[in-house]
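Visitor: Hi, can you walk me through this one? I'm new to reading structures.
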Amino acid sequence: MPVLVGVVGSGNLEVMLEPHGGSTCTIDITTSARGFGPIWEAVVHDFQARHRLAGIAVSINDMGATPAVVSLRLDQAAAALPLGSKSISGAPT
Amino acid sequence: MSQANGRWNQQAQGRAQRLGRAAAVLGARLHGKRVLAEDATKLLEAVLEPGDRVCLEGNNQKQADFLARALTQLNPAQVHDLHMVQSVLALPEHLDVFESGIASKLDFSFSGPQSARLAKLVSGGQIQIGAIHTYLELFSRYFVDLTPRVSLVCAQASDAHGNLFTGPNTEDTPAIVEATAFKSGIVIAQVNELVDTVARVDIPGDWVDFVILAPKPNVIEPLFTRDPAQISEIQVLMAMMAIKGIYAEYGVQRLNHGIGFDTAAIELLLPTYAESLGLKGKICSHWALNPHPALIPAIEAGWVESVHSFGSELGMENYIRARPDVFFTGADGSLRSNRALCQAAGHYACDMFIGSTLQIDLNGHSSTATLGRIAGFGGAPNMGADARGRRHATPAWLKAGAQARQGRTGVSAMPRGQKLVVQIVETFREHMQPAFVEKLDAWQLAEQAHMDIPPVMIYGDDVTHILTEEGIANLLLCRTDEEREQAIRGVAGYTPVGLARDRHMVENLRDRGIIQRAEDIAIDKRDATRSLLAARNMRDLVRASGGLYDPPKRFRNW
C-alpha cells in the first residue's frame, strides 16, 4: 500500500512512499525551485539517516515548500509506513 | 507656605506666558478648556516655542491623528526644531514635521510602518535621532531628561472640566500626561466626543489644559489580530514543541506572548493539545498581553485567570466587557489598559517571554533590524530580558536559574532565578531568507545610521531557548561559547549556519538534553495538523466567543 501525505499547493508538497523490489531507498524529486540542490541533498540525507528505509521508492512533488515543510512531510510519511519497511540495511541513493 | 519665584519657577512662568498667548489668540472662541477644531493650529502656534520637547501621542495602536495633522500646518519660520519624544511613528505626519523643519530631533521606540522613510530622512540629515528606546525606557526618560514641554494626546471623550475617558485604549496616555502636567508643561487632548459626564475618569481634568473635538474619530489599528486560517502545520508543530518542551517542563504560569502566528498557534493549542497533556491549571494562567482574539478559546475553556493589557484590540470590546474576572476593567465595564504598567508587569512579574524575530546570530543575539529600515524595538526587549531587579521566586524562574547556575562557582553560586526568554522562529522566513546568520544586519545598519551600538532586540545572554521546526536549543545549559554556537547551529536547519554544524558535537549536545528534537520529547509529527487548532478561522473565534467578538471588516472573510 503506498503512503501519500501533503497537498499540492503553493508552499507545500506531496510525498508518496511505495514499496519497490530491492533493498535500497530511491528518492525522486520534482520541483520548479532552482538552485537549492545542496539543500535538497542535505534534507533527504538526514531523512534517510533518521528512518533508514529499505525497499521504498520516495516521490516528492514540490510546490516551493521550505525545507521545514519538506522534512515534516517526509517524517509524516515515514511514520505512516508499516514497521517492516524500516531496516538498518537501507542506504541513501 | 513659601512661593517659588524668580529663577526657581521659570517653567511655571513659561507655562503662564504660553497659556496667556493662547487666551489672547483664541479670545472668545475659547470656552473653558474647549478649543474649536479649526483653531487647533492657532493654539499650537501660541503654546509652542522653537526647540520645545513635544510628545505627540503616537501609540502602538491609537493615534492623535488630528493633532498630528495640525502640527504639520505650523509655519516653520515661527515654530521649528522641535524635539519629538514619542513612542511610535505610525502616521506619515509623524515624519512630515521633520521634512518641513518644524521638528529636527527625535527620541522614539518603534517606527514599523514608517521605518523605510525614517531611514531616508536620517541619512539625508533631516532627522537627528537621540536614541531608539524600548517603551518602558522612553517613558522612564519622560520623568528624567526627556520631559515634554507640550503633549498632544488622544482620548475617547471629555467633559467640560477636561476629565478624559480613554476607552479601552488608554495605552501611553497616563505616562505622557503625568510627566508633562507635573513639570509645568501643557497638555492638549483631541477627543472623539464631548460629554456632560465621562464614563470614567482615566485622566483627571486638572492635568489637562485644552480639549479639542476632532472632526473624525481617532485612527486605531488592530495590530494583534491573527487569522487562524493562516497558521501553518509547521507552526502547529513548533507550538506543540513549545508547550511540551518548555511550558510544561518549567511550569510556566505567568507569561507574555509576541504578536506573530507562532504564538497565536500556541494560544490555540491550549484547549486542545495542552489539555490532552493534562496541563490545564499547570501553565498559562496569568498574562501580560493585549486582548488577543486567538486567546478566546483558551479563556472560554477556563485556562486563563487574568490578563493585563498594554492596549486593547478592535472588536474585543464586548467580549472583554463580558469577562471582567479575566480582564482589567473600569466601573463603566470597558477595558483599562496601560502600556507603561503592563510593560513593567511583563518585565518583573512574568516568568516567560516567547516571540519571533528576523535574525539570530551564533551568540543568540536577536534582531529585527534590516538594511534600509530603522524600525526600533517597541516592547519586546522589556519582556525579553531577565529582570535583574526581581527578587520573588516562582518554580519556573527558579528552575531556569538553577539550570544556568548548575556547577558554577564564585559569584554565580548564589541561588537565583532567571526569566525564560524564548525565540521561536522557522529556520527560513519567506523567500528563503535564513533566520540564522553569521553576522546580524544590525551591524551594517548601525554603521549606515551612525548609531552608537547595533540595534539588538534581545541580547544573546538573555535568550534562554531557541525553538525552530528542527528542535529546541536550551542555552541555559551551555557552558562554553563553543557549546552555545553548536546548540544554535544544531537547530538552524538547512540554513548555511545550520549546515555548517559540527555533527558530532550536536549529537553530543542532544545526548545531554541541550538540544531536543520533537521525537526526543515524544511528539508524533503526524499529530501536527491544523485540526489541533481550537479555532481554524476568524468565524471559529467569533463562535468561540459566543458572538461577543466582533472582528474588524478586513478580517470578516466568511
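Guide: What follows is a short tour of a sheet and a helix pair.

Guide: This is a predicted model: local features need pLDDT of at least 70, side-chain atom pairs count only at pLDDT 80 or more, and totals for chains, interfaces and linings use all residues. Residues are numbered from 1 along each chain as its sequence is written, and chains are lettered from A and ligands numbered from 1 in the order in which they are written.

Visitor: What's the strand order in the chain A sheet?
Guide: The order is β1-β2-β4-β3, in an open sheet of 4 strands with mixed pairing. Strands are DSSP E runs of at least two residues, and helices are H or I runs of at least four, both numbered from the N terminus. Two strands pair if DSSP finds at least two bridges between them.

Visitor: Which strands stand at the edges?
Guide: β1 (3–6) and β3 (25–30) of chain A. Each has a single partner strand, so one side of each lacks a neighbour in the sheet.

Visitor: How many bridges join β2 and β4 of chain A?
Guide: 7, in the antiparallel sense. A:M16 has A:S59 of β4(A) as its bridge partner.

Visitor: Switching to helices. At what angle do α1 and α2 of chain A cross?
Guide: Roughly 30°, with their axes coming within 10 Å. Axes are lines fitted to C-alpha atoms, for helices over the stretch in contact, and angles run from 0 to 180 degrees between N-to-C directions. That makes α1(A) roughly parallel to α2(A), a label for angles under 35 degrees.

Visitor: Which residues of α1(A) make the contact?
Guide: A:I39, A:V43, A:F47 and A:H51. Contact means C-beta atoms, placed from the backbone, within 7 Å.

Notes
Parallel < 35°, antiparallel > 145°, perpendicular 65-115°, else oblique. Contact = placed C-beta atoms within 7 Å.
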